[in-house]
Amino acid sequence: VVTISNLAGACFGSATTVQLQGGASGRFSAASGGAAGYAAWSASTSSLVLYVASTLPSSGDSNFSFSLTNPGSPQLSPVVSIATSGIAIPAVPMVRVAGVASVTSLYGATDVESQPLQ
């Protein structure tokens, strides 16, 4: 299980599952044995939970993405973390992608506040 936590302010409406996109999206599901390509959203913990649905490669990256709506009012960019269970890897902060165009015109965001994570 992979958990992406502290997505503070993220809005998925009333959804409890989130569709994943990208190369490795089919390797994850929202529940054990569930349909591939989804993650479970917990609004109460601001966390996205992904169950491994098929074997992940032992080397290289497994990339996926998801879309969310930011809150209607500005907020500081939270420190988003990623962790695993099963093979326990404690939570570590995700790294902001350098050199990617950001959306600084929204709410007066700075470049660091609007960069995607990896």
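User: Which residue in strand 6 is the bridge partner of Ile4?

Analyst: A quick note first: this is a predicted model, so local features need pLDDT of at least 70, side-chain atom pairs count only at pLDDT 80 or more, and totals for chains, interfaces and linings use all residues. Residues are numbered from 1 along each chain as its sequence is written, and side-chain values use heavy atoms, with hydrogens and water left out. Strands here are DSSP runs of E with at least two residues, numbered from the N terminus, and two of them pair if DSSP finds at least two bridges between them. Strand 1 and strand 6 pair in the antiparallel sense over 4 bridges, and the strand 6 partner of Ile4 is Ile82.

User: What about the pairing with strand 5: which residue there is the bridge partner of Thr3?

Analyst: Strand 1 also pairs with strand 5, in the antiparallel sense over 3 bridges. Within strand 5, Thr3 has as its bridge partner Val49.

User: Which residues make up the covered face of strand 1?

Analyst: In a regular strand the side chains alternate between the two faces of the sheet. In strand 1, Thr3 and Ser5 form the uncovered face. The covered one is Val2 and Ile4.

User: Where is Asn6, and what is its phi?

Analyst: Asn6 sits in the loop between strand 1 (2-5) and strand 2 (17-19). Most residues other than glycine have a negative phi. Asn6 isn't a glycine, yet its phi is positive, at about 70 degrees.

User: Is Ser46 buried or exposed?

Analyst: Ser46 is in the loop between strand 4 (38-42) and strand 5 (47-52), with a positive phi near 55 degrees. Buried means under 20% relative accessible area, exposed over 50%, and partly exposed in between (1.4 Å probe, protein chains only). Ser46 has 18% relative accessibility, so the label is buried.

User: Which residues does Ser25 contact, leaving aside neighbours within four places in sequence?

Analyst: Ser25 lies in the loop between strand 2 and strand 3 (28-29), and is buried at 12% relative accessible area. Contact means heavy atoms within 4.5 Å. With those neighbours left aside, the contacts of Ser25 are Leu20, Gly37, Asn63 and Phe64.

User: How far apart in space are Phe66 and Gln19?

Analyst: Phe66 belongs to the loop between strand 5 and strand 6 (81-84) and is partly exposed at 22% relative accessibility. Not counting residues up to four places away in sequence, Phe66 touches several residues, including Ile4, Leu48 and Gln19. Phe66 and Gln19 are 47 residues apart in sequence, but C-alpha to C-alpha the distance is 6.5 Å.
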